[in-house]
Amino acid sequence: MLIICAMAEEAAAFGALLSEVSEVPVPLSSASAKRGVLSLADGRSVEALLLTSNIGLVAAASAATWAIGEFSPSVVISAGTGGGLPADISVGDIAVAESCTYGTADATEFGYERGQVPRQPVRFESSPQLVEAALAGIPGASAGALRVGRILSGDTFVTARNVADMREAFPDAVATDMESCAIAQTAGAFGVPFISVRGISDLCGPQAGQDFHMGVDEAAARSRDAVVALLAAL
């Protein structure tokens, strides 16, 4: 399987659970990769390629295209951190994508839906089997700490300045990032099952009294724990 993180700090959380590690040469100047055996929550293990793509849509799509073409993974997982979009989400919660959309895309002037790139779907769907495994394996669903919905990706941060517009345009969105939709589109083009699992490190529009930030390393560790729980439930 292929696990893609944007930042080295996010990949380090997964690296802590890898054994039999070997470095993999990557023909992209901003990316790096390693292979190993990933320990799961139930004591089992799986072979994994851990890819650090660098931040952004193009970096993510380029790295995913290379890795899928080179290694033909059975599953692609976008992991790491993200921004929490709903007003009642908390830092440390887990966001799981049922689908991904380009949140900053706007061709509505030409009859397309908000978030739809012309001649592309509005949503790039996650694998239903992987979503079911997330719901079955990741703790926190009953307490509201696991959010399953749409993840928005783009090249603009969602902040208090524009969060109201994003919430109105995408009421089912649970998180934002800068990579997942590009990875979802790439995986879909190759016919590989995909899912995104993100630990919420920041709130896009915090309310009074809310903690609005968590360290990248801690949020990434929560993403990692959720991923290994999901894989154990498959």
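View 1. Leaving out neighbours within four places in sequence, Ser-223 is in contact with Phe-14, Ala-79, Gly-80, Ile-94, Val-197, Arg-198 and Gly-199. Contact here means heavy atoms within 4.5 Å. The model is predicted, and local features need pLDDT of at least 70, side-chain atom pairs count only at pLDDT 80 or more, and totals for chains, interfaces and linings use all residues. Residues are numbered from 1 along each chain as its sequence is written, and side-chain values use heavy atoms, with hydrogens and water left out.

Ser-223 belongs to helix H6, residues 216-233. Helices (H or I, at least four residues) and strands (E, at least two) are DSSP runs, numbered from the N terminus. The relative accessible area of Ser-223 is 0%, so the residue is buried. Buried means under 20% relative accessible area, exposed over 50%, and partly exposed in between (1.4 Å probe, protein chains only). Other buried residues of H6 include Ala-219, Ala-220, Arg-224, Val-227 and Leu-230. H6 has 18 residues and spans 26 Å from its first C-alpha to its last, close to the 26 Å expected at 1.5 Å a residue. The expected span of a helix is 1.5 Å times one less than its number of residues.

**View 2. Helix H2 and what it packs against.** H2 covers residues 57-71, which is 15 residues. From first C-alpha to last it reaches 21 Å, close to the 21 Å expected. Its buried residues are Ala-59, Ala-60, Ala-63, Ala-64, Trp-66, Ala-67 and Ile-68. An α-helix has 3.6 residues a turn, so residues three or four places apart point the same way. Which elements do the buried residues of H2 pack against? They pack against strands E1 (2-5), E2 (18-24), E3 (32-39), E4 (45-52) and E5 (76-84), and against helix H5 (180-190). After H2 comes Ser-72, whose phi is positive, near 45°.

View 3. E1 and E4 run parallel and are joined by four bridges. Two strands pair if DSSP finds at least two bridges between them. Ile-3 stands opposite Leu-50 in E4. E1 also runs parallel to E5, with three bridges between them. The bridge partner of Ile-3 in E5 is Ile-77.

**View 4. Thr-52 in strand E4.** Thr-52 has its place in E4. Is Thr-52 buried or exposed? With a relative accessible area of 12%, Thr-52 is buried. Not counting residues up to four places away in sequence, Thr-52 touches Cys-5, Ala-6, Met-7, Ala-8, Ala-11, Ser-30, Ala-31 and Ser-32.

**View 5. Two aromatic pairs.** The structure holds two aromatic pairs. The ring centres of Trp-66 and Phe-71 are 5.6 Å apart and the planes are at 85°, so the pair is edge-to-face. Rings of Phe, Tyr and Trp (its six-membered ring) pair if their centres lie within 6.5 Å; planes under 30 degrees apart count as stacked, over 60 as edge-to-face and the rest as tilted. Trp-66 is buried at 15% relative accessible area, whereas Phe-71 is partly exposed at 27%. The rings of Tyr-102 and Phe-124 have their centres 6.0 Å apart and their planes at 75°, so this pair is edge-to-face. Tyr-102 lies in strand E6 (residues 94-102) and Phe-124 in strand E7 (residues 124-125), so the pair ties together parts 22 residues apart in sequence. Tyr-102 counts as buried at 11% relative accessibility, and Phe-124 is buried at 9%.

View 6. Rolling a probe the size of a water molecule over the atoms shows where empty space is left. On a 1 Å grid over the protein atoms alone, a cavity is a set of points where a 1.4 Å probe fits but cannot get out, and a pocket is an open set with protein on both sides within 12 Å along at least five of seven lines; lining residues have an atom within 4 Å of a point. Grid points are joined across faces, edges and corners, and a volume is the space filled by probe spheres set on the points.

A search of the whole structure finds one cavity of 30 Å³ or more. The largest cavity has a volume of about 40 Å³. Its lining includes Gly-103, Leu-152, Met-166, Thr-176 and Asp-177. Strands E8 (146-153) and E9 (173-177) are the elements that give two or more residues to this lining.

The largest pocket has a volume of about 410 Å³. Of its 20 lining residues, Gly-82, Gly-83, Phe-157, Thr-176 and Asp-177 lie nearest its centre. E5, E9 and strand E10 (194-203) each supply at least two lining residues. The largest share, four residues, comes from E10.
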